[in-house]
Every structure is written in structure tokens, then in C-alpha cells.
Amino acid sequence: MLLIATAAALVCGGIAWSAGRQGVADACWAAGTVLAVVPSVVWVVRALRRGRAGVDLIAVLALAGTLAVGEYLAGALVAVMLATGRTLEATAARRASRDLRALLEHAPRSARRRRGREIATVALDDVAVSDVLVVGTGEVVPVDGTVVTGTATLDESALTGESAQVERRTGDGVRSGVVNAGGVFQLTATATARDSTYAEIVRLAGQAGAEKAPAVRLAERYAAWFLPVSLGVASLAWGLSGEAVRAVAVLVVATPCPLLLAVPVAVVSGMSRAARRGVIVRDGRALESLGRARTLVIDKTGTLTAGRPRVLEVATAPGGLSPTDVLRLAASVDQVSVHILAEAITREARDRGLALSPPIDVTEEPGRGVTGSVDGRRIAVGKTDLPSAELPRWARTVDNRALLDGATVAWVTVNGTLTGAVLLHDPLRLDAPHTVRRLRAAGLARLLLLTGDRPEPARQVGTVLGLDDVRAGQLPAGKVRAVREECGRAVTVMVGDGVNDAPALAAADVGVAMGARGATSASEAADIVLTTDRVARLADAMDIAVRARRIAVQSAAGGMAMSLAAMVAALLGLLPPAAGALLQEAIDVAVILNALRVVLPARGTGGPPLAPAAERLIHRFAAEHESLRGALDAIREAAGLLSIDPGPRALAAVHQVDRLLTERLLPHEYAEEHQLYPALNAQFGGPDATETMSRAHAEIERLARRIATHLALADAAGALLPEQLDDLRASLYGLHTVLRLHFSQEEESYFSLSS
């Protein structure tokens with residue numbers, strides 16, 4: 001309203017002046033000036049009550065000065081300038097907070113509950129755990145739950161910032177706040193509305209606002225010295241020239257809107273940009289501090305790792321069942337257990353496409369494992385009663401391997417005989433290595449891992465990621481001490497997701513919680529919450545914070561420099577009040593528009609989004625990697641047999657490897673080379689990004705052909721020859737190593753690009 005009123009007064013005065021009515025023009029311009037003086041005085045009083053003085057006080061002096069010396073046109077221009085600055089600030093704040101408000105507006109208010117054959121709409125607060133809800137096409141999932149039947153196609157962009165739709169099958173968890181992008185599906189509630197994911201995010205979004213960051217307070221401190229400088233220059237201009245008009249001209253160009261508008265606009269715009277990437281920032285202080293951070297302290301489980309166990313390898317006793325058979329039997333028993341390791345074994349078997357048999361006479365002993373009958377055999381999965389010294393040689397080898405890999409062992413017993421073992425570990429997130437490199441590029445000089453886990457897996461993660469320090473076996477009190485030590489050296493960010501991380505998050509300069517699956521207490525203690533279960537969002541937030549701070553300082557410094565130059569020109573009589581007002585208006589608009597650049601993506605970062613065809617290919621080959629994990633186990637198993645019993649059984653195992661290579665693995669690599677890599681080359685603008693992987697394909701094919709040649713020689717001789725064993729064993733172990741490294745590199749470099 002102030003902008004409309006002052007602009008109308010300026011335009012009416014211009015019309016009157018062009019018609020030769022100077023008196024009417026001056027009256028209109030003076031009226032516009034007075035209209036701006038009244039709210040400016042109110043703003044000054046409010047600022048003084050908060051212990052602030054600066055921009056509005058200079059504006060009042062400039063407006064009053066133009067009225068006093070009869071420079072009504074200059075006064076009207078200053079009034080429009082002031083109103084424009086306020087309007088731009090409000091517009092920027094509305095634009096910047098639009099993504100945060102969208103979360104609140106997106107919150108569901110009711111749900112359709114099914115009881116028997118009846119479906120009724122009920123208030124969201126009336127939904128109880130275990131209620132069956134019906135979610136229609138385009139509707140928002142009201143509470144956390146699991147899919148009852150069929151497949152749900154969901155748009156999770158409101159929570160994660162990812163545009164790609166995801167599918168959840170029967171039994172899969174679904175978070176509240178996502179949109180049903182497919183057909184109608186039914187959901188069993190696992191939490192009430194108050195305890196659901198979206199309610200927590202809405203609460204955080206309600207707290208997130210454009211609070212003053214330290215950089216904003218720094219701008220106000222600059223204004224504290226800018227005010228006396230402005231008054232001093234104005235007094236000097238009046239004293240040297242004896243003309244009050246020069247002093248008024250100085251005050252007109254001294255109104256430092258860039259100083260106090262550009263910084264908050266940049267900070268709030270950064271919060272908006274972060275919200276679009278699935279990062280909720282509680283206040284401007286957190287974003288500004290993140291932009292100055294030099295140390296990162298990070299938890300391991302659920303942050304750098306997936307947070308849930310996964311099968312690393314299946315080992316078997318010599319002369320017994322194959323790894324596939326051991327896994328199938330173990331999963332058949334474990335499918336009725338809710339233990340986290342049992343779920344991992346069952347999930348692995350299903351991912352490999354194994355047909356599980358229904359178990360009978362199942363018993364589960366807490367802390368020991370599950371026992372049941374499968375296909376007429378008594379199967380036990382869990383701990384073994386044998387002391388380490390009494391374990392057979394192959395089992396001691398498994399124990400040693402588990403120690404080196406930081407893995408957990410689930411022993412498999414068939415009819416009372418130790419037959420196999422399933423090694424499980426918490427795998428590194430696919431995007432973790434790339435994220436660490438991005439964090440270092442953003443300015444973090446020290447990365448420290450704090451975890452309550454054992455030293456072996458912690459050190460392994462630290463080595464793979466190139467972290468500066470690793471501290472294992474940390475209790476919450478120890479984490480707090482370590483974080484405080486780091487805070488004493490530099491601005492420190494702490495990232496965690498569990499209940500035990502909450503004290504350390506609160507102690508850090510900036511606490512970041514992995515909110516997608518993290519504990520509520522961690523989110524409560526954090527300054528920033530990642531609403532998506534991707535650690536890469538932390539690097540996104542860091543990039544945004546650094547850029548927002550840089551642009552804020554750039555805008556404020558640039559605006560002040562231009563204002564000081566204009567003040568000197570006014571002091572020398574080169575800039576009359578009216579022209580000075582126009583110049584200051586241009587300066588204000590320029591720096592605020594520059595600050596708004598924070599909302600836009602930075603040039604040269606992120607790259608173009610994946611093309612749909614490339615996205616589909618990545619999903620396809622990622623699924624094939626999962627199904628081929630059994631082939632890697634078979635390769636290592638065959639190599640091990642060559643050392644233990646290089647007879648017919650070992651030859652049969654190598655033949656099995658050759659079939660897996662010929663029928664599954666080599667076709668997979670060929671398809672990657674001729675379908676996936678060309679799509680990625682088009683995405684990245686050339687073949688440079690895939691050249692190394694293509695070389696790995698050639699090495700895999702070379703080793704496969706070498707193994708096939710050994711088999712041809714053995715078949716001709718009727719058995720494996722002694723002179724073949726060393727080279728064949730080296731080829732198998734070499735192939736296993738190359739494949740593991742190649743799979744890991746593809747998953748890190750390419751598959752992690754997919755949402």
C-alpha cells in the first residue's frame with residue numbers, strides 16, 4: 001500500500017509538472033514524502049526499542065531534509081525507494097518461504113477408514129494404529145503405515161525433493177505426506193497422525209523462518225558505524241559548501257537499504273533453496289553457520305551406512321550344500337522371524353529370486369536364533385554352541401573373515417551339523433564417497449567419525465571414505481565431549497540420526513539430523529533436518545549455505561561501496577538530491593535482485609537431471625547387481641575349493657562359475673557397455689566418465705575367457721592338472737576382486753545418481 005501511494009504521488013506530480021503546474025507537482029511530491037515519513041518514524045521507534053538504529057533513521061532524516069529544503073521531487077523519489085525496498089523484501093521473503101509453507105498447506109486433515117465393508121471419512125486424529133485406510137489417486141497418505149495389498153505408486157517430492165515416483169509393494173512402509181500417484185491402495189496404519197513422519201516435518205517447518213543470522217546482525221553493526229559516517233559526510237558537505245541541499249543529497253544516497261535488506265533476503269532465499277532439496281533449516285543462524293563450518297563430525301550407522309544389515313557373503317562347509325542352498329534354507333526359516341538379521345537374510349534370498357519353502361515347527365529363542373523344519377530337514381539359524389577352538393577349519397576361516405570385514409555371522413545348521421554361515425554387515429551408502437568429496441570441496445577441512453560401533457567396521461568406513469579421524473565405541477557423553485572439543489577449534493557440524501546422537505547434535509554449532517528414518521529426539525535437537533534418506537542432501541545443504549553467505553556478503557559490500565561512492569559525489573556537488581534518489585533506487589534494486597540469486601541453482605553445479613531412459617537403465621542394472629551377488633559368492637567359493645580339495649568337486653564348482661559367467665554375468669556387462677554407458681555418455685557430454693569402467697569390462701571378459709580355457713584343458717585331461725591350479729585360483733580370486741570393485745564403482749558413480 002505504501003508503494004502504491006508513494007508511486008501514485010510521484011506519477012501525479014510528474015503529470016502536473018509536465019502540464020506546467022509546478023505548485024501542484026510540488027504538493028503531490030511533498031504528500032508522497034509525508035506518507036513515507038509516518039511509517040518510517042514508526043519503524044525507527046520499533047528498531048530503537050530492540051536496541052537497533054540505522055537504515056530507517058537515515059531514511060527519516062533524508063525525507064525530513066528534502067521537505068526542509070524544498071526538494072520535493074527528491075523526497076518523493078526517496079519515499080518510492082524506501083517503499084520499493086520494503087516491498088522487495090516482503091516479496092523475497094514470501095517467495096523464499098513458499099516451499100516451507102507448502103509443507104503446511106500439504107498436510108492432510110482427514111482419512112478414509114475401512115471397517116469390514118464400510119468406508120467412512122474420519123478426522124485424522126481419530127485414526128488409530130492398525131486401522132486399515134483407503135488412499136485414492138491423488139490423495140495424500142495421512143499417516144505412516146504399510147501397504148496391505150498390491151503395489152503403491154507414490155510421489156514423495158513433498159518430503160524428499162525428488163521428482164521421480166517410487167513403488168512400494170505389499171508390506172513396504174509408506175510415510176505420511178506422500179501423494180498416491182497410482183491407483184487406489186490400502187494402508188495399515190503403524191502410527192497415529194501425531195506420531196507420523198509428516199507431523200514431525202510440519203512441526204519443524206512451522207519453526208523454520210527468517211530469523212536473524214549472525215551475518216544479519218553483522219550487517220546491523222555495519223549500520224551502526226555507517227550512520228555516523230553518513231551524518232559526518234552530510235555535515236561536512238553542509239559545512240564546506242554552506243548549502244543544506246548538499247547535506248540532503250548525501251543523506252538521500254546514504255540510506256543503506258542494501259545493507260539490511262540484501263543479507264536477510266539472501267539467507268531466507270537460501271532456506272527456500274534448501275527446502276526444495278529436502279532440507280529443513282530451522283532458522284537463518286543455522287544456515288549462516290553451516291556456510292562458515294570447517295569441521296564435520298558424523299555418526300556412522302544410518303548416516304554414512306544404510307542403517308540396516310545386508311548379506312555380505314554366504315559360506316559353506318566343504319563337500320556340503322552350495323551357498324544358494326544354504327541361503328534358501330536359512331531364509332525359509334527366517335521368514336517367520338521379525339529379527340533384523342532374519343529380515344536381512346530373507347530379503348537377500350528374495351532379491352536373488354530364490355523360492356522359499358514354508359517352515360513348520362518353528363521356535364525362536366531370543367538372543368540365539370530360529371529353528372524349524374524345511375523340506376524334511378531341521379534347520380537352525382543364529383549362534384552356534386561350539387566354542388571357537390572346536391569350530392572346523394572352514395568355520396574358523398569364516399570367523400576370521402567376519403572380524404576383518406566387521407561383519408556379523410549367522411550360522412546355519414542342518415540336521416544338527418554346522419553346514420554354512422551367512423555374513424552380514426551394514427553397507428556403506430552408495431552416495432557416501434561422492435558426498436564426502438563434495439563436502440571437502442565446499443570448505444570442510446576436517447571430517448571426524450564418531451560411532452558406538454566396534455573399531456573394525458568403523459575404521460573400514462573411515463579408510464574407504466578418507467576421513468581424518470575415527471573414534472569407535474563412543475557413548476553419548478563421549479560424543480558430546482568430542483563435539484565440544486571440535487567446536488573449540490572451528491565451527492563444527494554434527495550429523496546423526498539416532499537417539500544417542502541427540503546430545504551431540506545439541507552441543508554442535510550446527511546439528512543435522514537424518515530425519516527420514518532417524519529418531520524424533522535427534523530431529524528435536526537438530527538445527528537442520530534432512531527429510532530424505534540420502535546423505536547427499538547434506539552436501540547440497542552445504543553448497544547452498546556457502547553460496548548464500550557469499551552472495552549475502554557480496555550484496556551488502558557492493559551496495560555499501562556504491563552508496564559511499566555516491567555520498568562522495570554528493571559531497572562534491574556532483575549529485576543533486578533528485579538524481580541521488582534515482583541512483584540509490586537503482587542500487588537497492590540491483591543488490592536485492594543479486595541476493596535473490598540464491599534461490600536459483602548455481603551455474604555448473606549438479607548437472608542436468610537424468611533423462612528418463614537413463615534413469616530406467618540405472619534401475620534395471622542396479623537390480624541386476626543385486627541378483628548377481630550370488631555369482632560373486634560362487635566365484636570365491638570355487639577358488640577356495642581349489643585350495644582345499646582340487647578334485648572333481650572343485651572342477652564342478654568351476655564349471656558352475658563358467659555357466660554363471662556365460663549365461664548371466666557377461667551378458668550383463670555387455671548390456672551395460674552397449675546400453676547403459678552410451679546413455680550415460682550422452683548425459684555427461686562424452687565418454688570420459690565411463691572409459692575406466694569400460695576397461696574393467698575388458699578385464700572381466702579376459703579373466704572369464706582364461707577360466708574357460710582352463711576348463712577346456714581340464715576336460716580334455718579328465719581332471720584339473722596340478723600345473724593349472726595356481727593360475728586358475730589366481731584367475732578366480734582376481735575375477736572376484738575386479739567384480740566387487742567394479743560393482744562398487746558403478747554403484748557409487750552412476751547408480752547413486754538415481755533417486
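By salt bridge I mean a side-chain nitrogen of Lys or Arg within 4 Å of a carboxyl oxygen of Asp or Glu. Both D540 and R537 belong to α20 and stand three residues apart, about one turn of the helix. Helices are DSSP runs of H or I with at least four residues, strands are runs of E with at least two, and both are numbered from the N terminus.

Before continuing, a word on the basis of these values. The model is a predicted one, in which local features need pLDDT of at least 70 and side-chain atom pairs count only at pLDDT 80 or more, whereas totals for chains, interfaces and linings use all residues. Residues are numbered from 1 along each chain as its sequence is written, and side-chain values use heavy atoms, with hydrogens and water left out.

The classes are as follows: buried is under 20% relative accessible area, exposed is over 50%, and partly exposed lies in between, with a 1.4 Å probe and protein chains only.

The next topic is the packing of α20. Two packed helices are described by the angle between their axes and the distance between the axes. The axes of α20 and helix α21, residues 577-595, come within 9 Å and cross at roughly 170°. This makes α20 roughly antiparallel to α21. Here the axes are lines fitted to C-alpha atoms, for helices over the stretch in contact, and angles run from 0 to 180 degrees between N-to-C directions. Angles under 35 degrees count as roughly parallel, over 145 as roughly antiparallel, 65 to 115 as roughly perpendicular, and the rest as oblique.

Which residues meet across this pair of helices? From α20 they are I551, Q554, S555, G559, M562, S563 and A566, and from α21 they are L583, Q584, I587, V591, N594 and A595. Contact means heavy atoms within 4.5 Å.

V568 is also found in α20. At 45% relative accessibility, V568 counts as partly exposed. Together with L572 and L574, V568 makes a nonpolar surface patch of about 310 Å². Patches are made of residues with over 30% relative accessible area and no salt bridge, joining like charges within 9 Å and nonpolar side chains (Val, Leu, Ile, Met, Phe, Trp, Tyr) within 5 Å. The areas come from the Shrake-Rupley method with a 1.4 Å probe, and for residues only the protein chains shown count as cover.

I turn now to other charged pairs. By the rule already stated, the count comes to 32 salt bridges. One of them joins the side chains of D385 and R368, at 2.3 Å from N to O. This pair links distant parts of the chain, 17 residues apart: D385 is in the loop between β15 (377-382) and α14, and R368 is in the loop between β13 and β14. D385 is exposed at 69% relative accessibility, whereas R368 is partly exposed at 29%.

A further salt bridge connects the side chains of E699 and R702, at 2.8 Å from N to O. E699 and R702 are three residues apart in helix α24, residues 691-717, and so are separated by about one helical turn. E699 counts as buried at 18%, and R702 as partly exposed at 41%. There is also a network of salt bridges that links R310, E348, R352, E626, R629 and D633.

Two further helices deserve mention. Seven of the nine residues of α11, residues 284-292, are buried, so this helix is largely enclosed by the rest of the structure. In α14, residues 393-405, we find R401. R401 is buried at 16% relative accessibility and touches E313, A315, L423 and R636, not counting residues up to four places away in sequence.

Finally, the loops. Where is P366? P366 lies in the loop between β13 (360-365) and β14 (369-374), and is exposed at 76%. D375 has a positive phi of about 55° although it is not a glycine; D375 is in the loop between β14 and β15 and is partly exposed at 46%. N415, likewise not a glycine, has a positive phi of about 50°. N415 is in the loop between β16 (408-414) and β17 (417-425), and is partly exposed at 49%.
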